[in-house]
Number of protein chains: 4
Amino acid sequence: MHSSPSLKSDNLRERLVVRRLTMAHPGDLSALAALLDAGEMAANDIVAVIGKTEGNGGVNDFTRGYFTQSLMALLARHTGKPAEALLRQVPCVLSGGTEGVLSPHYVVFARTSEPASGSGGALAIGTAISAPLPAHDIGRWAHVRSAAAAVRAAMDQAGIERPEDVRFVQLKCPCVTSARAQQAAAIGQTVRTADPGRSMAYARAAGAFGTAVALGEMPDDPRLEGAMLEDFSLGSFRASISSGVEVDAIEAIVLGHSERWQGPLRMGCAPMQDALDIAGVTEAVREIGLLASPQLAPPDAARVAAVFVKCEPDRRGLVRGMRHTMLDDTDINAQRHIRGAVGGLVAGVLGETQIFVSGGAEHQGPDGGGLVAVIAHVVD
Amino acid sequence: MHSSPSLKSDNLRERLVVRRLTMAHPGDLSALAALLDAGEMAANDIVAVIGKTEGNGGVNDFTRGYFTQSLMALLARHTGKPAEALLRQVPCVLSGGTEGVLSPHYVVFARTSEPASGSGGALAIGTAISAPLPAHDIGRWAHVRSAAAAVRAAMDQAGIERPEDVRFVQLKCPCVTSARAQQAAAIGQTVRTADPGRSMAYARAAGAFGTAVALGEMPDDPRLEGAMLEDFSLGSFRASISSGVEVDAIEAIVLGHSERWQGPLRMGCAPMQDALDIAGVTEAVREIGLLASPQLAPPDAARVAAVFVKCEPDRRGLVRGMRHTMLDDTDINAQRHIRGAVGGLVAGVLGETQIFVSGGAEHQGPDGGGLVAVIAHVVD
Amino acid sequence: MHSSPSLKSDNLRERLVVRRLTMAHPGDLSALAALLDAGEMAANDIVAVIGKTEGNGGVNDFTRGYFTQSLMALLARHTGKPAEALLRQVPCVLSGGTEGVLSPHYVVFARTSEPASGSGGALAIGTAISAPLPAHDIGRWAHVRSAAAAVRAAMDQAGIERPEDVRFVQLKCPCVTSARAQQAAAIGQTVRTADPGRSMAYARAAGAFGTAVALGEMPDDPRLEGAMLEDFSLGSFRASISSGVEVDAIEAIVLGHSERWQGPLRMGCAPMQDALDIAGVTEAVREIGLLASPQLAPPDAARVAAVFVKCEPDRRGLVRGMRHTMLDDTDINAQRHIRGAVGGLVAGVLGETQIFVSGGAEHQGPDGGGLVAVIAHVVD
Amino acid sequence: MHSSPSLKSDNLRERLVVRRLTMAHPGDLSALAALLDAGEMAANDIVAVIGKTEGNGGVNDFTRGYFTQSLMALLARHTGKPAEALLRQVPCVLSGGTEGVLSPHYVVFARTSEPASGSGGALAIGTAISAPLPAHDIGRWAHVRSAAAAVRAAMDQAGIERPEDVRFVQLKCPCVTSARAQQAAAIGQTVRTADPGRSMAYARAAGAFGTAVALGEMPDDPRLEGAMLEDFSLGSFRASISSGVEVDAIEAIVLGHSERWQGPLRMGCAPMQDALDIAGVTEAVREIGLLASPQLAPPDAARVAAVFVKCEPDRRGLVRGMRHTMLDDTDINAQRHIRGAVGGLVAGVLGETQIFVSGGAEHQGPDGGGLVAVIAHVVD
């Protein structure tokens, strides 16, 4: 488990800096380069990046790889570390697809420390990267346990002591590829499924279960392995899980509130019962003191630092009892459909379009719904 | 100008019946057939249909033709009139594309008369079909005048006396095809543009200008011809215009309030300043006494009879200052993107998904925005 | 089993008429209407239609339903029979998707009889429609047997005595829908798979196995049920199988040579080893005396009456050892990719674009390949 | 004009090395890295790269940028030159879109010199990069002249003395973007068109005209400016032009035969009259002594080193008199359609799938057709 030790001096507190930046294309890191060049942010302080690139979000979406290569090359130039090492150190979670009004952007998380001032308590971040997960463990209980351990390690690093203080967990989990399935077979092991799409869904399910275990929302009981992709009442409403061939270990980013941190940032998170649950969006911002009535007023909108949404095309083919056509569309992938629709709704409530909206929300919110999480500068 | 005379007896009032029906596929008229078979609606009372089919909304969207053929065959069986005659008599305006959460459906408008009861005043409908529009007139001032005349004829038929009582004008205008351009050339005429997509845009512009002229929002001044697709401050915020190769005349459906009608239906209409203008949506329902806070409560939602939306992918490439990617997407048409996003927003406010969302909103709302119109049963 | 008795008079012979017609859109039957109006073809002689419409070929391709509705309405007007009855009597097999150079068209097969002249022997057609297939039988050996019986009945009707004289078998098989799966469960039965896409693949496999059984290429051995979608060396290289929700029985069209028929038509059929197997195409035309070197010369091209192709995106991800990207493309369905590519190849050899190219070729040709069949007027 | 001096020693001859390499994804340069690491090729010898990446080939195809960034980073590591300088020195022309059977790949051209052996005469390469082209010159005669000068400079560098010895000219031309149009306006200039798609077409036309001028196929007559995109009988059947926002100058790669070079490589090039012109393909290989009957036999196929194709969806909507549906498809871009179809045809004749197929063939072959060019090892 890779998880750097957290700062623990009595006279210092940690501070999270969140910068949401625009990009002109998936290889454009000029906004971050400008911050680094201007000394507004130090490359060595950057602990994680979450971004939305303008690809299709599918298997053949190379905007994620293009962005990651560009990011790591930039950080390598500024830190002197090799890009390959940075890849293993700085989680970079990307979701492809800026359907509808969504705007390509990325959120950079940096951690600094400073003399304690006043009473503590602010948004904290921790990250962790697990040991490589063998292919035959993917989507099984070993995967759940590895994810839970990564979440706990990241909580520990962040100094978040109570599970209820965690607001948002972003994981990236490996999935089975045909090459990995063959390697598993070569050592006498079988994979849960060799179908890549299905494997990604199991990986997301295992990540959500692992988050639930770490947050005390679910017991660590291997008999629940069969509930993955079956019992959608299980999981965590604070989990946002992605899965991809590009990782072989679990990467974890945990955000929550801790007394050991200070600064103006707070985070709200609320489930969305379905794709029309506008009240879920207003609840997420209300939790941190912002009012959408029906839209965030400009002063409140200016406080928003980042927004993360998970959503799903309802697998039963209905939204509020009426047929939707997302799952049967041969022209447009169902995840593209739902990202565009839910993105349009959240953008309308928040009055802005730099929103991270990701599909594949199994066990990460109510069945057929998802969740919405907002970071804002709530203290002046 | 085809426009049936309106009923004018002193002891009778007209009544609008609006039924919003589901379809399992674009050839499925079983819901209307059931109403007709059960005697709940008379085929001869049907004056217009507006619907949303699950095609791509583009040139090769045949779901509109499939639905129209099925509808006219059904009405032919029930009225004894030939389908060809019904096509010229009952405007049927379809928008293809149920992106995101949108649900395929159609709205049937029927007009009946009944003894006057209490004070009058309710939602009224009028329709008109112009004489065929020569190809060389399309997108020019003659088109504007023909559209204005059709709107006035429909207002007259509906008994809507004051322009301010009109709530919503739906037009379908012809566009130039290569065959029509050649016919125009053969008689020594030129068309405004031979590019089909551009011609459809000019046709929508002319329809919006014609609506504005009829409603007194714009002078009947041919010098304004050059303002089409140039000066987006002109037009009408109550116009919803579609254009297609399948018509050679202008078909008009006008909805508004009239003292000569009675019944529970009222209609609200409000512009949307841009694709995030959630306040436009709440204003449209507030106008007829419904409250979305943030979503219509179930009792109010149950009152909604039909919803119509026009929207546009902002042609300047920005939404609230941030880049969108709709116009540069080679995989998904920009109109599909924006319908999905704005559909998601309106659906979230109204709590339902049977919403007619149509793109191509030039001059039919604020530049980069559009409009939203709602019919509801506001009197018990 | 519905299969009309064949004509057996000693002094008469049957004659197949094949007309390949263009369409301007999926509801355009004007070319056939003109033939019927001109008396060039009698509606009652029409026994089958195979066509290519310009949809996406997927679940939400409504061009097939639109065409079928339009065709049956036309035949109903000309025969006086209700459209519903004609649907059960005249197999109409459509493949959506005219990717690349392919041109929308349909092939009408009519059967007439006439006094015998000279020695017999010509292309013959037979059709059959099985009893409805219960959902729990779909993709199982009962499906294979039902398909085999339908093929034998169609052969018998056609007067094709020897299996080796069969050139081409087109079947349309039902698949499992969620509604049908529930009905099966209600009577205590299970379906082979509830996944619609997988069910369609099993249905195609069962149709191909049934054809192979009827043609003596495979034993009627239920133990081979497990070979479906597993052992791709089994099946028939003369089978072209489609599957769809719109049928509940197996529809069969068999084409082959019979002494009881006369006329100029003959048919060639050859397997394609893979998507590049141009020699398969030249072999199919060579079999009936036409030479492509490299393209059919205009006089020979003028003899071609209809062309049918089955093909597949190689499921192993390679064509001749090189990676293809069809299976991983989130923007364009893999079947659309392969139809466009193989259609381009066959069109280049034949020098024309009215080619029926259908995907989903499991067990209907070599693994990763498919087949090509050509009808031509080979006798002047 | 950037164009490195060519080697001119009496005792040395130049030799072209062409390596066609596979890629697992658009950022995968491992095949070239392996060649460089093994010393099989020297990075400093590489003069040009032409490749086919698996994007959509449209405005939002970022696979080209991803590949280019990865390539230049690799070359920078091996040459010690900065990537920015290499971008201006090594033309890298990419076409996005591996529709159908096409396989992602790239062709690396390297130039070495060696002692003269036997009589000279072999395939030669020259490259040139023009001065930046002002936006107001794009698609005008100044663009034609600049392109002609670049082609001549590249011919000179290659030592190709006679225009008839040129086999293939690949240009990449800049196009007008909205930013560039504004810059032009700021200095009192107007652009030929501000529509990006139209500007790219004009840029390709100007590149083709420039090639024709350089090759003596067309006079250098500014009065022909109006013939661009109008008179499709003009242009060059040896020109392959791409246009993109990523360049501000004209990049030229010229391939042809020269006495100053030696080695086994020769190149054939033939026009395709339309998308079905299989004889054009066989002619291109016949020109260099290879026989396709109907497909290249394996020994001849093994000689092929690279294949380049240009093609177009016929703008008149017909292929050999029959309607195609490419231009009206809202789901799949027309260029993707035609690349898949023509790619399938050429792949079938050559028996392989690593083929560079590019759309946008205005003036680069017969109207509605294109061209095909093949490099092969014809001398053992």
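Trainee: How much area do chain B and chain A bury between them?
Mentor: This is a predicted model, and in it chain B and chain A bury about 3,100 Å² between them. Of that area, 60% is on carbon and sulfur atoms.

Trainee: How many residues does the contact take from each of the two chains?
Mentor: Chain B gives 43 residues and chain A gives 43 residues.

Trainee: And how many salt bridges are found across the interface of chain B and chain A?
Mentor: The rule finds four salt bridges there. One of them joins B:R323 to A:E54, and the closest N and O atoms of this pair are 2.6 Å apart. Across the interface of chain B and chain A there are also 16 residue pairs in polar contact, both residues being at pLDDT 80 or more.

Trainee: Which elements of chain B each supply at least two residues of the side that touches chain A?
Mentor: They are α7 (278-286), β13 (322-323) and α9 (334-350) of chain B. Of the elements, α9(B) gives the most to that side, with ten residues. By residue type, the side of chain B that touches chain A divides into 19 nonpolar, 16 polar and eight charged residues.

Trainee: What rotation superposes chain B on chain A?
Mentor: A rotation of 180°, with 0.0 Å of shift along its axis, superposes chain B on chain A at an RMSD of 0.0 Å. That is the relation of a two-fold axis.

Trainee: Which residue of chain B comes closest to that axis?
Mentor: That is B:L345, whose C-alpha is 2.0 Å from the rotation axis.

Trainee: Which element contributes the largest share of the side of chain C that touches chain D?
Mentor: The largest share comes from α9(C), with ten residues. That side of chain C divides into 19 nonpolar, 16 polar and eight charged residues.

Trainee: What about the contact and the buried area there?
Mentor: In this pair, 43 residues of chain C are in contact with 43 residues of chain D. Chain C and chain D bury about 3,100 Å² between them, with 60% of it on carbon and sulfur atoms.

Trainee: Now for single residues. Where is B:R286 placed?
Mentor: B:R286 is in helix α7 of chain B. The side chains of B:R286 and B:E283 are joined by a polar contact of 2.8 Å. B:R286 and B:G268 are 18 residues apart in sequence, and their C-alpha atoms are 7.8 Å apart in space.

Trainee: Is B:R286 buried, exposed or partly exposed?
Mentor: B:R286 has a relative accessible area of 48%, so it counts as partly exposed, since exposed would require over 50%.

Trainee: What should I notice about the backbone?
Mentor: Most residues other than glycine have a negative phi, and most peptide bonds are trans. The peptide bond from A:S293 to A:P294, however, is cis, with omega near -10°. A:P294 lies in the loop between α7 (278-286) and α8 (298-301) of chain A. In chain B, the bond from B:S293 to B:P294 is likewise cis, with omega near -10°.

Trainee: Which phi value does A:H363 have?
Mentor: A:H363 has a positive phi of about 65°, although it is not a glycine. A:H363 is in the loop between β13 (356-358) and β14 (370-377) of chain A. With a relative accessible area of 2%, A:H363 is buried.

Trainee: And what about phi of B:R320?
Mentor: Phi of B:R320 is near 50°, a positive value in a residue other than glycine. B:R320 is partly exposed, with a relative accessible area of 38%.

Note on methods:
Residues are numbered from 1 along each chain as its sequence is written. Chains are lettered from A and ligands numbered from 1 in the order in which they are written. This is a predicted model: local features need pLDDT of at least 70, side-chain atom pairs count only at pLDDT 80 or more; totals for chains, interfaces and linings use all residues. Side-chain values use heavy atoms; hydrogens and water are left out. Copies are superposed by least squares on the C-alpha atoms of residues with pLDDT of at least 70 in both. Contact means heavy atoms within 4.5 Å. Buried area is the accessible area (1.4 Å probe) that two parts lose on being put together, summed over both. Helices (H or I, at least four residues) and strands (E, at least two) are DSSP runs, numbered from the N terminus. Ala, Val, Leu, Ile, Met, Phe, Trp, Tyr, Cys and Pro count as nonpolar, Asp, Glu, Lys and Arg as charged, and the others, Gly among them, as polar. A salt bridge is a side-chain nitrogen of Lys or Arg within 4 Å of a carboxyl oxygen of Asp or Glu. A polar contact is a pair of N or O atoms within 3.5 Å; within protein, one must be able to donate a hydrogen and the other to accept it, and residues adjacent in sequence count only if both atoms are side-chain atoms. Buried means under 20% relative accessible area, exposed over 50%, partly exposed in between (1.4 Å probe, protein chains only).
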